Amino acid sequence: MNGLRGLLAEFAAGDEVLAAARAARLAGYVALEVYSPCPVEGVAEVLAFRTRLPRVTFVAGLLGGAAIFLFQVWVHAIEWHLNIGGRRALAAPAFIVPTFEITILSAALLTAFAMLWRNGLPRLHHPLFAVPAFARASQDRFFLFIGAGDPRFHAGHVRAFLESLAPLEVHDVPR
Amino acid sequence: MPYPTDETRWIDGDHDIASINDAIADTVQSPQHRRAWLRALAVAAVGLGALAVAVFGVFWWYIGVWGVDVPVMWGIAITNFVWWVGIAHAGTLISAILLLANQAWRRSINRFAEAMTLFAVACAAMFPLLHLGRPEFFYWLFPYPNTYGYWPQFLSPLAWDFFAVATYGTVSLVFWYIGLVPDLGTMRDRSTGLRARVYGVFALGWRGSARHWERHQTAYLMLAGLATTLVVSVHTIVSFDFAVAQLPGWHTTVFPPYFVAGAIFSGFAMVLTFLIPVRAWLGLKDFVTIRHLDHCAKLMLTAGLVVAYGYLAELFFGWYSGDPHERSLIASHLHGRSAPLFWTIIALNVVLPQSLWWRRARRHIAWLFVLSIAINLGMWLERWLIVISSLEHGLLPTTGGAYFPTFWDWLTLAGTLGFFAFFMLLFIRYVPVIAMSELRELVAHRRPEAP
């Protein structure tokens, strides 16, 4: 099975691929992936996948905000104190605006970068793109993928199993 | 996110997942009206050229070429700045707040409105930078270590503006692009040759796996939450430019909410001004239905009522303050030097929008279009009244003055209009104007009738 990365079953609707993923999960396959042109509700639960991205947003916002606040304190109270009519150097309320803005900016940028990084993007080439039918994964077809890395993977058995789910077609994914 | 299945009512006609792709991708792949588009682009390019000349003029002769002088040191450049930032706000409201509120109808217009946000912020950002007096030193606003031992003054609204607008522009761009990536993947897979490569590079190798989508949707939701705070904060900070000053008509606590409402009001007006011709031009009436326009009109009316309240509050607090300078400014607005301007604004921004209480007016496309232009104009004049009439009035009769915009002022304004139109035209030609992946989600449960 060295020439095979996995098998890909093609479906016409989101509900069908969801049912197929559930069946594959029940059959004991673990190296599963679903490819779809839009999010399919419930698929992430079937694949037992959870993202921790919100933590990135929270921590990035917190650190960015703290950094710019302390930076302003340093600039105005320590590094370059200007005496303007005796006003206090550490004017915390006036520091709120940049603090707020940098909180939002760092949270947004790091969330976006973390999303791309965890998704392994950018990666312009991928073995899946070698399957001609996969071009419709971004348009109107839904795919269930069982990888050759699965401990229970056997090309003949997996193909028979996928055929039993009544897909439109089953494709080989070359390595 | 779960949507009840009847949300498909936001799509007219008998569309399934494939026909949605075809209808929207065709606006890019086999566009109609190529000649008309080229002609429009040529006109917009003239505007872009005018902007280049106007910016060159300011760099060469400095802002003396604008009609600004003591006491009116902020001319229409600042009016334009406030106006353009305001226009940007509707895009963020549609894409962020309506996403959090689970409004399915936003899916047909969010991409378009976000693109408007991006270009409007770019137009807005030019004005304060050009207005610096020494625009070539704009980067001094950015805190970077330098040999002068100099840092920005963080207590100044100018520095606040820089942080607010820079954050707004960046977050809007990221939000827009992250939402666009799956659609760029679709365009990559539908195109061939060079186009496929270009779309492919921008699609970053998007494959639409369940894990991709889960992270993507989570990130999108996080970004929407962050952008929601920007909807209310950016124009708040713009209003601080005025509200922290002592000038009559500026030093008011109502300014932040009043500015935010004005921003959303004018933003929706600009959305309608562009959306009405574009939906007809690109043949997207199945996706941007009359009911979408109706909803935009309702939100515009709501924002307009808050703006009307802002006008009232401004008058009331001016009178209630007992301050003779504030009172004389109000007298000037009601029946003095600035009265013609003030009552024009009331007619355009308060009286005319009341027609939107009637369903027939909200669904009358020609009226909506005319009204949206009237509101754009009204909101620009309102910013004139705030910026210039207050400065002309001053605290004492001896500090009064008059301001007339020069040729260079108008050229800069016209130039930014050209800039905005130019990039909107490029956008509708090369990028799917509707988020295909989001519309597909609405019909994904439907199995196509025939294979």
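Strand β3 of chain A (residues 142-147) is mostly covered, with five of its six residues buried. A residue counts as buried if 20 or more other C-beta atoms lie within 10 Å of its own, as exposed if 12 or fewer do, and as partly exposed in between; the C-beta atoms are placed from the backbone. Helices (H or I, at least four residues) and strands (E, at least two) are DSSP runs, numbered from the N terminus. The model is predicted: local features need pLDDT of at least 70, side-chain atom pairs count only at pLDDT 80 or more, and totals for chains, interfaces and linings use all residues. Residues are numbered from 1 along each chain as its sequence is written, while chains are lettered from A and ligands numbered from 1 in the order in which they are written.

Strand β3(A) has two partners. Strand β1 of chain A (residues 4-11) pairs with β3(A) in the antiparallel sense, over six bridges. Here Phe11(A) stands opposite Phe142(A). Strand β2 of chain A (residues 32-35) also pairs with β3(A) in the antiparallel sense, over four bridges. In this pairing Val34(A) faces Leu144(A) of β3(A). Two strands are taken to pair if DSSP finds at least two bridges between them. In a regular strand the side chains alternate between the two faces of the sheet.

Helix α4 of chain A covers residues 92-118. Its 27 residues should span 39 Å at 1.5 Å a residue, and its end C-alpha atoms are 37 Å apart, which agrees. The expected span is 1.5 Å times one less than the number of residues. The helix is not straight throughout: α4(A) has a kink of about 30 degrees, centred on Pro98(A). The bend at a residue is the angle between axes fitted to the seven residues ending there and the seven starting there. Helix α4(A) is mostly covered, with 19 of its 27 residues buried. Just after this helix, Gly120(A) takes a positive phi of about 70 degrees. A cis peptide bond then joins Leu121(A) and Pro122(A), with omega about -5 degrees. Pro122(A) sits in the loop between α4 and β3 of chain A.

The two chains meet through 55 residues of chain B and 56 residues of chain A. Contact requires C-beta atoms, placed from the backbone, within 7 Å. On the chain B side, the elements that give two or more residues are α1 (17-29), α5 (157-190), α6 (193-203), α7 (210-243) and α15 (436-443). Helix α7(B) provides the largest share, 17 residues. By class, this side has 28 nonpolar, 17 polar and ten charged residues. Nonpolar here means Ala, Val, Leu, Ile, Met, Phe, Trp, Tyr, Cys and Pro; charged means Asp, Glu, Lys and Arg; the others, Gly among them, are polar.

Helix α10 of chain B (residues 324-335) has twelve residues. From first C-alpha to last it reaches 16 Å, close to the 16 Å expected at 1.5 Å a residue. Glu326(B), Leu329(B), Ile330(B), Ser332(B) and His333(B) are buried in α10(B). They cover an arc of only 155 degrees around the axis, which puts them on the same side of α10(B). The arc is that of the directions from the helix axis to the C-beta atoms. Pro324(B), Leu334(B) and His335(B) are exposed on the other side. The cover over the buried residues includes α9 (290-320), α11 (339-351) and α13 (365-393) of chain B.

Several loops of chain B hold backbone exceptions. Most residues other than glycine have a negative phi, and most peptide bonds are trans. His33(B), in the loop between α1 and α2 of chain B, has a positive phi of about 55 degrees although it is not a glycine. With 12 C-beta neighbours inside 10 Å, His33(B) counts as exposed. Tyr62(B) has a positive phi too, near 65 degrees. Tyr62(B) lies in the loop between α2 and α3 of chain B and, with 14 C-beta neighbours inside 10 Å, counts as partly exposed. Pro71(B) is found in the loop between α2 (34-61) and α3 (76-100). The peptide bond from Val70(B) to Pro71(B) is cis, with omega near 5 degrees.

Gly133(B) belongs to the loop between α4 (110-130) and α5 of chain B. Gly133(B) touches Tyr62(B) and Ile63(B), not counting residues up to four places away in sequence. The C-alpha atoms of Gly133(B) and Gly64(B), 69 residues apart along the chain, are separated by 8.7 Å. Gly133(B) is exposed, with 12 other C-beta atoms within 10 Å.
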